[in-house]
Amino acid sequence: MCTEGEIATKTDPAGPWSLVVPLKPLARAKSRLGRAAGEEARPRLALAFAQDTVAAALDCPRVRDVVVVTDDAVAAAALSALGARVVPDAPRAGLNAALAHGARCARALRPAAAVAALNADLPALRSGELARVLDFASAFPSAFLRDAEGIGTTFLSAAGGAEFRPAFGGPSGARHRSAGAVEIALSGVDSVRRDVDTGEDLRVALALGVGPHTARIAAAAAPAGDR
C-alpha cells in the first residue's frame with residue numbers, strides 16, 4: 001500500500017527526482033554501532049542519521065520529494081515532520097523489496113518520475129554534493145555510487161521510464177555494475193558515500209561535518225570506538 005502519509009513536496013517542486021529512503025525499525029537499526037555508542041544511544045543515532053539525511057535531501061534543488069519506507073512509528077512521525085512522505089514497508093521482505101515498493105509509491109503519483117534509492121545513514125550529507133550525483137545520474141538509465149569502502153552502494157538511480165532494480169546488501173557495487181548501472185566516478189562527493197555502521201564510520205562522518213540531529217546525539221553519546 002502506498003496510501004499512508006501525505007504527499008510531501010517542497011514549496012517549489014521544481015526538482016525532477018523522487019528519492020526513496022529505507023529505514024529499519026529503530027530497535028533493530030545500526031546493531032554494530034551499539035558497541036561504540038552504547039545500546040541506549042544506538043536507536044537515537046539511527047533516527048538522527050535519517051533525519052539529517054532526509055533534511056539534506058529535501059534541501060537539494062534537484063529533489064522533488066522523499067519517500068521513506070519504514071514501519072517504525074517514532075521514525076515515521078519525525079521524518080514526516082521534516083517533509084518526507086512515509087509509507088509502510090508493506091512487502092516486509094527485506095531491503096530491496098522495501099526499496100522497490102517505495103519506488104512504486106513514488107511513481108504511483110508521478111509515473112514518469114526519475115527515482116533513486118538513498119541510504120538513510122548519511123548524516124554528513126551535503127545538498128550540493130547530492131545535486132552533483134543526481135546531475136551525473138540523469139544522463140543514464142541507471143547509475144550507482146559506491147560507499148566509502150568501495151564495496152557497497154549508497155545511491156542507485158533509475159531515470160524516468162527505466163526499471164528500478166535495487167540489489168543492495170554486501171558487495172552491491174559489483175552487482176549493480178553487472179546489472180548495467182553506470183558507476184558514478186565523481187570526486188568531492190564524500191558526504192554521499194559516507195554511510196555509518198561503526199564507531200569509526202561515525203568519527204569520519206563527524207570530521208566531515210554532520211547535520212544538527214546527529215551532532216546533538218553524538219555529543220551526548222561520545223562514542224569511544226568499537227570494542
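This is a predicted model: local features need pLDDT of at least 70, side-chain atom pairs count only at pLDDT 80 or more; totals for chains, interfaces and linings use all residues.
Trainee: Noted. Which class does D71 fall into?
Mentor: D71 is partly exposed, because its relative accessible area is 35%.

Trainee: And which residue does D71 form a salt bridge with?
Mentor: The partner of D71 is R92, and their closest N and O atoms are 3.1 Å apart.

Trainee: Which parts of the chain does that pair tie together?
Mentor: D71 sits in the loop between β2 (63-69) and α3 (73-82), while R92 sits in the loop between β3 (85-87) and α4 (95-109). The pair therefore ties together parts that are 21 residues apart in sequence.

Trainee: Is R92 buried or exposed?
Mentor: R92 is exposed, since its relative accessible area is 61%.

Trainee: How many salt bridges are there in the whole structure?
Mentor: A search of the whole structure finds nine. One of them joins D201 to R194, with the closest N and O atoms 3.1 Å apart.

Trainee: Are D201 and R194 buried or exposed?
Mentor: Both D201 and R194 are buried.

Trainee: What about E200, which residue does its side chain meet?
Mentor: The side chain of E200 meets that of R203 in a salt bridge, at 2.8 Å from N to O.

Trainee: Where do those two lie?
Mentor: Both R203 and E200 belong to helix α8 (residues 199-208). They are three residues apart, which is about one turn of the helix. R203 is partly exposed because its relative accessible area is 32%, and E200 also counts as partly exposed, at 43% relative accessibility.

Trainee: Changing topic, where is F49 found?
Mentor: F49 is in helix α2 (residues 41-58). At 0% relative accessibility, F49 counts as buried.

Trainee: Which residues is F49 in contact with?
Mentor: If we leave aside the neighbours within four places in sequence, F49 is in contact with K30, L33, A120, D121, P123, V196, L202 and T214.

Trainee: K30 and D121 are on that list. Which residue is linked with them in a network of salt bridges?
Mentor: That residue is D197; K30, D121 and D197 are linked in a network of salt bridges.

Trainee: Last one: what separates the C-alpha atoms of F49 and L125?
Mentor: Those C-alpha atoms are separated by 9.5 Å, and the two residues are 76 residues apart along the chain.

Notes: Residues are numbered from 1 along each chain as its sequence is written. Side-chain values use heavy atoms; hydrogens and water are left out. A salt bridge is a side-chain nitrogen of Lys or Arg within 4 Å of a carboxyl oxygen of Asp or Glu. Helices (H or I, at least four residues) and strands (E, at least two) are DSSP runs, numbered from the N terminus. Buried means under 20% relative accessible area, exposed over 50%, partly exposed in between (1.4 Å probe, protein chains only). Contact means heavy atoms within 4.5 Å.
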